[in-house]
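Please walk me through this protein model.

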Amino acid sequence: MKRSRINEIITESNDMMRSFGFVLPPWAYWTPEEFKARSGEAAAVIAARNGWDITDYGDGDFDKMGLFLFTLRNGRLADLKRGGGMCYAEKLLISKQDQLSPMHTHVIKAEDIINRGGATLVVELFGSDSDGGFDETAGGTVFCDGLRRDYGPGEKLRLKPGESVTLMPGDWHAFWGDGGDVLIGEVSTVNDDETDNIFRDPIGRFAEIEEDEAPKHLLVSDYRTWLV
């Protein structure tokens, strides 16, 4: 992805979040230079990989297959392993109309996916085989707004604003906006985007960036190269 396009998406996404009353923390708007100057103060933000995250999954066509994310808070895997402490994470996502977030599951993370506003969010579901792999013949059980719902292979949930689904490890899922763009909330256990996204097809989690202009704000994938 070109950095210029990433900068545009940041501006567009910030406008959409604010239109639904969501305002990001002040450090979200630091320039790259300010982030670097205050990296010691922001060490916990950096370590948790909180912040802007824009991906085309390496496909090169963001509007067709991609996702906007902002990680607001993220716990510590060590706390999760010992069973106490900061074991949770929270994100805001934007799924554009007909923009696919491709089929995947998680090994550790359980998550609530919440339609926070906009159009209808479609979530396509499959179950797992005995080894946790994708199984096109398997269904499963999820909870929608706390109510049990059994699903068949390939069943599509249609979540309107205010509705949600709880996904457990082994619930394979893809999603997209139907009829317009959707603001999504994600509340989950500790999130590790580098190792805990298991995709059905061999794709990348993070975009490759062409630096055609300076970044407006740093992405979480920029931290290792900019904040050294």
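Isoleucine 198 sits in strand 12, residues 198-199. Strands (E, at least two residues) and helices (H or I, at least four) are DSSP runs, numbered from the N terminus. This is a predicted model: local features need pLDDT of at least 70, side-chain atom pairs count only at pLDDT 80 or more, and totals for chains, interfaces and linings use all residues. Residues are numbered from 1 along each chain as its sequence is written, and side-chain values use heavy atoms, leaving out hydrogens and water.

Now look at glycine 133. It lies in the loop between strand 5 (111-128) and strand 6 (134-135). Glycine 133 is partly exposed too, at 22% relative accessibility. Along the chain, glycine 133 and isoleucine 198 are 65 residues apart, yet 9.1 Å separates their C-alpha atoms.

Isoleucine 198 also belongs to a nonpolar surface patch. Leu77, Val107, Ile108 and Ile198 make this patch, of about 320 Å². Patch residues have over 30% relative accessible area and no salt bridge; nonpolar side chains (Val, Leu, Ile, Met, Phe, Trp, Tyr) are joined within 5 Å, like charges within 9 Å. A salt bridge is a side-chain nitrogen of Lys or Arg within 4 Å of a carboxyl oxygen of Asp or Glu. Accessible areas come from the Shrake-Rupley method with a 1.4 Å probe; for residues, only the protein chains shown count as cover.

Note on methods:
Buried < 20%, exposed > 50% of the residue type's maximum accessible area, 1.4 Å probe, protein only.
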